[in-house]
Amino acid sequence: MFMLSTVLRLPVVLCFLFAGGCALQLPVAEPKSTLFEDFGPNPGSLLMRAYVPRGLKPGAPLVVALHHCFQTADDYAAETGWLSLAEKYGFAVLMPEQRPFNDPNYCFQWFNDWQQGAKGDEPVSIHSMITAMIAAYRLDERRVFVTGLSAGGSMALILMANYPDLINAGGVFGSLPVGQSDIMLTAPVAMLGFGESSPQALARRITSVIDWPGPWPRLSVWQGSDDPMVAPSNGPRVRDQWLGLTGLDGQRPVADRIGPYERTTWMGGDGRPAVQFTDLQGVGHSVPVDSRHGCGVAPKGVSQLVSDVGVCSSLELLKFWGVVR
């Protein structure tokens, strides 16, 4: 269900910040989200929604949360706990939203080759939203993080690959490597688990088109073993693409557990976690939440897009990114 949101124009906000004498105040998002217009180039015709806690201080981080197919941006951000965490820890949440006339299933179009580069319609639109949020709310441009489920996660990876100077780190669930599909007709084949598997070859799908010396954004990958939509083998492929990209392939990871799930972490040269993989045994195509402790909510009888398994994956991402300890 779409929620009625206030429509605000970012040029008005920028007037307050950068033009002397503007007698305006920064807008504060409504309990769910605020809908913005005129945020910059929008060739993908996406909607820009954002949640900004009241009294957010300059220099706060920005989390970009990308919804799955069949979802609205508001539903995804609320169900996965991002809005309550934003209030608690003090960061802004950008929630790009697909329109039905772009894709009737509300999917970000990760599967088309022309959407996978820095000049792709949807990546350019989301990039515009990010830079507008940073300017309007004086956010920390060094702490921009992106996350998403399935199509949203796959688009998050595309953003990380194409804007490594802007995205600091990410976290994805039930997603596919960048470049595993180039047209819509091949998307189901990739989702079934067919495609490149070598870390070096997967990394070349990015480095052959992106001229970037590094460092690459850090990445946490979560994959359900019982995922009926995206074959579980795709999770390790995403992990391996990033291991190849960061040069960590072949290095020994550190193993631990988060709740009942095994987690492996590869450390970067700076001593921080660079690539992480969480093996969600028994979990389907969904984001783990912990509603008992105020992290996310699993709607009754709606879908399997969140799993209330006592693990707050959104909070774990904040820890991986270094936003909280």
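I take the expected span of a helix as 1.5 Å times one less than its number of residues. I take helices (H or I, at least four residues) and strands (E, at least two) as DSSP runs, numbered from the N terminus.

The model is predicted: local features need pLDDT of at least 70, side-chain atom pairs count only at pLDDT 80 or more, and totals for chains, interfaces and linings use all residues. Residues are numbered from 1 along each chain as its sequence is written, and side-chain values use heavy atoms, with hydrogens and water left out.

**Helix α5.** I checked the span of α5 (residues 151-162) first. Its twelve residues should span 16 Å at 1.5 Å a residue, and the end C-alpha atoms lie 17 Å apart, which agrees. Next I looked up burial (buried means under 20% relative accessible area, exposed over 50%, partly exposed in between; 1.4 Å probe, protein chains only). Twelve of the twelve residues of α5 are buried, so the helix is largely enclosed by the rest of the structure. Among them are G152, M155, L159 and N162.

**Salt bridges.** I used this criterion: a side-chain nitrogen of Lys or Arg within 4 Å of a carboxyl oxygen of Asp or Glu. The structure holds eight salt bridges.

I opened R49 and E97. Their closest N and O atoms are 3.4 Å apart, and the pair forms a salt bridge. R49 sits in strand β3 (residues 47-51) and E97 in strand β5 (residues 92-97), so the pair ties together parts that are 48 residues apart in sequence. Both R49 and E97 are buried.

R142 and D140 came next. Their side chains meet in a salt bridge at 3.1 Å, N to O. R142 is exposed, at a relative accessible area of 64%. D140 counts as buried, at 11%.

**Around E316.** Which residue does E316 meet in a salt bridge at 3.4 Å, N to O? I found K319. Both residues lie in helix α9 (residues 313-321), three residues apart, about one turn of the helix. E316 is buried, with a relative accessible area of 12%. K319 is partly exposed, at 36%. I then traced the network: salt bridges link D256, R263, E316 and K319. I also listed contacts, meaning heavy atoms within 4.5 Å. Leaving aside neighbours within four places in sequence, E316 is in contact with W222, I258 and R263.

**Helices α7 and α8.** Two packed helices are described by the angle between their axes and the distance between the axes. Helix α7 (residues 199-207) and helix α8 (residues 234-246) pack at about 75°, with axes 7 Å apart. That makes α7 roughly perpendicular to α8 (under 35 degrees is roughly parallel, over 145 roughly antiparallel, 65 to 115 roughly perpendicular, the rest oblique). In α7, P199, L202, A203, R205, I206 and T207 meet R237, D240, Q241, W242, G244 and L245 of α8. The contact residues divide into six nonpolar, three polar and three charged. I counted Ala, Val, Leu, Ile, Met, Phe, Trp, Tyr, Cys and Pro as nonpolar, Asp, Glu, Lys and Arg as charged, and the others, Gly among them, as polar.

**G44.** Where does G44 lie? I placed G44 in the loop between β2 (34-37) and β3. G44 counts as buried at 5% relative accessibility. G44 and D121 are 77 residues apart in sequence, yet 4.3 Å apart in space, C-alpha to C-alpha. Not counting residues up to four places away in sequence, G44 touches N102, D121, E122 and S125.

Terms used. Axes fitted to C-alpha atoms, helices over the stretch in contact; angles between N-to-C directions.
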